[in-house]
Amino acid sequence: MKLFYDFSVWAMSGLLQLTKGGESKLSRLVKGREGVFDQLENFRKEVSGNLAWFHVASLGEYEQAKPVIAAFKNAFSDHAVLVTFFSPSGYENVIKKPQIHVDMITYLPFDTEANVQRFLDLVNPNVAFFVKYDLWANYIFETKARSIPLFLFSASMRKEQIYFKPYGSFFRKVLKCFDHIYTQNQQTVKLLDEIGVTNVSIAGDTRYDNVQVISEAPKVFPEVEAFVGTDPVIVVGSAWEEDMELIIPFINKHDQYKYIIAPHDINHSIIDSWRNQITKPCLKYSEMLDSESGKADVLFIDNIGMLSSLYQFAHLAYVGGAFGKGLHNILEPLAFRVPVLFGKLKRVSKFPEAAISEGCGCGFEVADKATFEKIVLALEDVKAYEKAAKSADRLVRDNLGSAQKIINGVQRMIL
């Protein structure tokens, strides 16, 4: 299996070279890795002391890593922090602004044995962390072979994953390399125990720590505040076409709300299509300086980086993605103690926070536009709304502290 894995990685990296000429995600995946070793060499010449390496797949996993990185830096102030990304969609978003507690951000070179040896020789980390998944076998095997403390956190596993299949023995060896695995839930502990991985403990979902920090100090948007005025607002986050099919009929029918809509992809033709279907005055965020925003009822956010703080304006929130590739982050609105609606999930086990929020009474799954309207109108009852908002507060507060649990455990093992 090791030979097959190595061949697969080699073949993948070779085929991806053929995409270099364009601007696709695959092309950026390759071009972004050019010069990485030179960057790392220069970085380690400037920062030559102790170093912690965190690897994430993309933006969502980085959001889970941030509170752990902050707690790590508080406990190990003498360590620099390197974060590697696999996906350009995560890397390109994060490097747009300085990242507190992080000393360098770069791509992870493809998982060939030669790349792994060169990467670890250059970086020479004192400790390594992988976040949730994206577990590259050669990196993990070699990190273990060099006796570098190795941790996995925010693990949330499902029975259908390859680790738990009869033919998954190679990938089970990867999991057994970790000195400790911190999981989000008991289900993961049980699954790992069944395959003989016992150096495991529940730490919870670090995203709660991250969204709480955002809610305590959200970005300030005076122009959005002017748009909102005194009206209740429904914020639609990470909207896809399937989500807007539910929401646009409600917008056209109900005048009691203003709406802030942040599309999943900033595609102006799609935004214009949605805008043309809405009978109320609409405005793009990029148009706000040239328009009288108070006359609009619907604001489309046509840039990246605002959404997590926009929930401060929400009376209700709808988070998209459930009908398609996967539900986006419902914890962001819940951290502002805002009841959240979302579509009917295709992959329920992959997003346990949806069922948890439903059980607490602050999350609401909707299957169609009629259900969406019914739930929104039901939450216009003051007592029903207050109950949902208090449930959101309780859910978030009960799940804080995961990052510190992880770092407390790391300290016990490596000091």
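Q: Which strands does helix 16 lie across?
A: Keep in mind that this is a predicted model. Helix 16 (residues 352-360) lies across strand 13 (340-343) and strand 14, and runs at about 115° to strand 14.

Q: And what does helix 13 lie across?
A: Helix 13 (residues 268-277) lies across strand 8 (233-239), strand 9 (258-263), strand 10 and strand 11. Its angle to strand 10 is about 165°.

Q: OK, what's the strand order in that open sheet?
A: The order is 10-11-9-8-12-13-14, 7 strands with parallel pairing. Strand 10 (282-284) and strand 14 (363-366) each have a single partner strand, so one side of each has no neighbour in the sheet.

Q: How much are neighbouring strands turned against each other?
A: By 20° on average, ignoring direction.

Q: Back to strand 10: how many bridges does it make with strand 11?
A: Strand 10 pairs with strand 11 (residues 298-300) over 3 bridges, in the parallel sense. Leucine 283 stands opposite leucine 299 there.

Q: Switching to the cores. Which residues touch the most other members in the largest nonpolar one?
A: Trp53, Phe54, Val83 and Phe119, out of 75 residues in that core. Helix 4 (residues 59-75) gives the largest share, 6 residues.

Q: What is valine 83 in contact with, apart from neighbours within four places in sequence?
A: Its contacts include Phe54, Val56, Tyr62, Ile69 and Val102, along with Met104, Ile105 and Thr106.

Q: And what's in the second core?
A: That separate core has 42 residues, among them Met288, Leu299, Val319 and Val338.

Q: New topic: how many salt bridges are there in the whole structure?
A: A search finds 18. One of them joins lysine 258 and aspartate 231, with the closest N and O atoms 3.8 Å apart. Lysine 258 is in strand 9 and aspartate 231 is in the loop between helix 11 (222-228) and strand 8, so the pair ties together parts 27 residues apart in sequence.

Q: Is lysine 258 buried or exposed?
A: Lysine 258 counts as buried because its relative accessibility is 7%. Aspartate 231 is partly exposed, at 35%.

Q: What about aspartate 393 and arginine 397, where do they sit?
A: Both are in helix 18 (residues 382-398), 4 residues apart, so about one helical turn separates them.

Q: Which residues do salt bridges with shared partners join into one network?
A: Asp121, Glu142 and Arg146.

Methods
Residues are numbered from 1 along each chain as its sequence is written. This is a predicted model: local features need pLDDT of at least 70, side-chain atom pairs count only at pLDDT 80 or more; totals for chains, interfaces and linings use all residues. Side-chain values use heavy atoms; hydrogens and water are left out. Two strands pair if DSSP finds at least two bridges between them. Helices (H or I, at least four residues) and strands (E, at least two) are DSSP runs, numbered from the N terminus. Axes are lines fitted to C-alpha atoms, for helices over the stretch in contact, and angles run from 0 to 180 degrees between N-to-C directions. Contact means heavy atoms within 4.5 Å. A nonpolar core is a set of buried Ala, Val, Leu, Ile, Met, Phe, Trp, Tyr and Cys residues joined through side-chain atoms within 4.5 Å. Buried means under 20% relative accessible area, exposed over 50%, partly exposed in between (1.4 Å probe, protein chains only). A salt bridge is a side-chain nitrogen of Lys or Arg within 4 Å of a carboxyl oxygen of Asp or Glu.
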